[in-house]
Amino acid sequence: MFDPSTLSPEDLLLVVAGIGLSFPRDLYQPHDGQKRFHAAPQRIRALFPGNRFGKTTAMAVEAMDVLRSRRAQVVWVAPEFSQFEQLRPQLEAQVWDHGHRWNGQDNLYSWPNGATLKVFSNESDWAKIQGINPDLVCIDEECKSALYRELRARSAGRKQTRYVIAATATGGASWMETEIYQPWLKHHADMGMSEAEAARAQLH
């Protein structure tokens, strides 16, 4: 059986081109941890695993599923634009539906159905975010806390924006610890659950 995870992004891109596959996302075979993440119903979901979990791929699949809707808007946040440039070949080979166009000047993907994915980073002019009411915000690794708060302000719009956050677990203190993880932990503590019990509860 063909296993796409065994190929490099460059080799997979050649395979996709060779067989004329328009929807490489449909080759995605999530492992159990990714399946639980995709099934979670919360508006704000976070992944803080170790290396090689496939967190960025899982987040990109979430984005592509939203982008298949007509005129959907997704915002992708990377620490730096250069980091996203390194990621683009993988996304285009393994996840994005074909027919997309990349505008490097505007850092914008677009699809024939009118859907768009706008890339921001810590280097961005944040004023441009204020006019966006996205369906989904994807945060790949930790961004500046002020940028996250500005993006959270988008959730008040009619679309009820959803958020996906993927960052490598480092064990260090950060705003993600205080603004995302600790509130989640307190919520379950108020229900009489320990940290281990709260973690197990997310698996069912």
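These legends describe close-up views of a predicted model.

**View 1**
Seven strands form an open sheet: 7 strands in the order E1-E7-E6-E2-E5-E4-E3. The pairing is mixed. Strand E1 (44–47) and strand E3 (101–103) stand at the edges. Each has a single partner strand, so one side of each is left without a neighbour in the sheet. Neighbouring strands are turned by 15 degrees against each other on average, ignoring direction.

**View 1. The pairing of E2 with E5.**
Strands of a sheet pair through backbone hydrogen bonds, in either a parallel or an antiparallel manner. E2 and E5 run parallel, joined by 6 bridges.

H4 lies across E2, E3, strand E4 (108–110), E5 and E6. Its direction is at about 125 degrees to E2.

**View 2. The largest nonpolar core.**
This core holds 28 residues. Trp76, Phe84, Trp96, Trp111 and Leu117 touch the most other members. Several elements give two or more residues each. The helices are H3 (55–67) and H4 (81–94). The strands are E2 (73–78), E5 (116–121), E6 (136–140) and E7 (162–166). H3 gives the most, with 7 residues.

**View 3. Helix H2 packed on helix H3.**
Two packed helices are described by the angle and the distance between their axes. The axes of H2 and H3 come within 11 Å. They cross at roughly 35 degrees. The crossing of H2 past H3 is right-handed. From H2, Gln34, Phe37 and His38 take part in the contact. From H3, they meet Ala58, Val61 and Glu62.

**View 4. The surroundings of Gln34.**
Gln34 sits in helix H2 (residues 32–39). Its relative accessible area is 5%, under the 20% cut-off, so Gln34 counts as buried. A polar atom of the Gln34 side chain lies 2.9 Å from the backbone nitrogen of His31. Leaving out residues up to four places away in sequence, Gln34 touches Tyr28, Gln29, Phe53, Gly54 and Ala58. Ala58 belongs to the H3 side of the contact with H2.

How values were computed
Residues are numbered from 1 along each chain as its sequence is written. This is a predicted model: local features need pLDDT of at least 70, side-chain atom pairs count only at pLDDT 80 or more; totals for chains, interfaces and linings use all residues. Side-chain values use heavy atoms; hydrogens and water are left out. A nonpolar core is a set of buried Ala, Val, Leu, Ile, Met, Phe, Trp, Tyr and Cys residues joined through side-chain atoms within 4.5 Å. Buried means under 20% relative accessible area, exposed over 50%, partly exposed in between (1.4 Å probe, protein chains only). Helices (H or I, at least four residues) and strands (E, at least two) are DSSP runs, numbered from the N terminus. A polar contact is a pair of N or O atoms within 3.5 Å; within protein, one must be able to donate a hydrogen and the other to accept it, and residues adjacent in sequence count only if both atoms are side-chain atoms. Contact means heavy atoms within 4.5 Å. Two strands pair if DSSP finds at least two bridges between them. Axes are lines fitted to C-alpha atoms, for helices over the stretch in contact, and angles run from 0 to 180 degrees between N-to-C directions. A crossing is left-handed if the near helix is turned anticlockwise from the far one by less than a right angle, and right-handed if clockwise.
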